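The following paragraphs lead the reader through a protein model, beginning with a single residue and widening to the whole chain. Please keep the sequence and the structure in view while reading.

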Amino acid sequence: NFTILPTAALSLNYPVGTEVWQVKRSYDITWGSSGIDNIKIELYKGATLNTVVSESTPAAAGKYTWTVRADQSITGQADTIVSGYPE
């Protein structure tokens, strides 16, 4: 016997890449997902990991509110990477 599992899907809705975020302020990171239990949110500058925003957040929540740390320093474009853990 074998089981066919549904396809997992994950898409980042916000941020979209044009935002300017300030330290000590809170921002919602939002996504859409299916077939995923938990997600990991990471912030990259180029190919270098800058910050793990959340190690594990329930995918069904659809959002994570992040307060930018006072010591957080990224100048220029940064990428938010959201990766999922299948059910």
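Which residues does Ser 33 touch, not counting residues up to four places away in sequence? They are Ala 9, Leu 10 and Ala 59, where contact means heavy atoms within 4.5 Å. This is a predicted model, in which local features need pLDDT of at least 70 and side-chain atom pairs count only at pLDDT 80 or more, while totals for chains, interfaces and linings use all residues. Residues are numbered from 1 along each chain as its sequence is written, and side-chain values use heavy atoms, with hydrogens and water left out.

Ser 33 belongs to strand 2; strands are DSSP runs of E with at least two residues, and helices are runs of H or I with at least four, both numbered from the N terminus. With a relative accessibility of 33%, Ser 33 counts as partly exposed, because that class lies between buried, under 20% relative accessible area, and exposed, over 50% (1.4 Å probe, protein chains only). The C-alpha atom of Ser 33 is separated by 7.3 Å from that of Ala 60, a residue 27 positions away along the chain.

Strand 2 covers residues 26-34 and is joined to strand 1 by 5 bridges, the two running antiparallel. Across this pair, Tyr 14 stands opposite Thr 30 of strand 2. Two strands count as paired if DSSP finds at least two bridges between them. In general, the strands of a sheet pair through backbone hydrogen bonds, either parallel or antiparallel.

The sheet itself is open and consists of 3 strands in the order 1-2-5, with antiparallel pairing. Strand 1 (9-14) and strand 5 (63-67) stand at its edges; each has a single partner strand, so one side of each is left without a neighbour in the sheet. From one strand to the next, the twist averages 25°, with axes being lines fitted to C-alpha atoms and angles running from 0 to 180 degrees between N-to-C directions.

The view may now widen to the whole chain. The secondary structure of the protein chain comprises 0 helices and 6 strands. Its C-alpha atoms fill a box of roughly 55 × 25 × 20 Å, taken along the principal axes. Of the 87 residues of the chain, 24% count as buried. Among contacts with a separation of 6 or more, 59% are accounted for by residues 24 or more positions apart.
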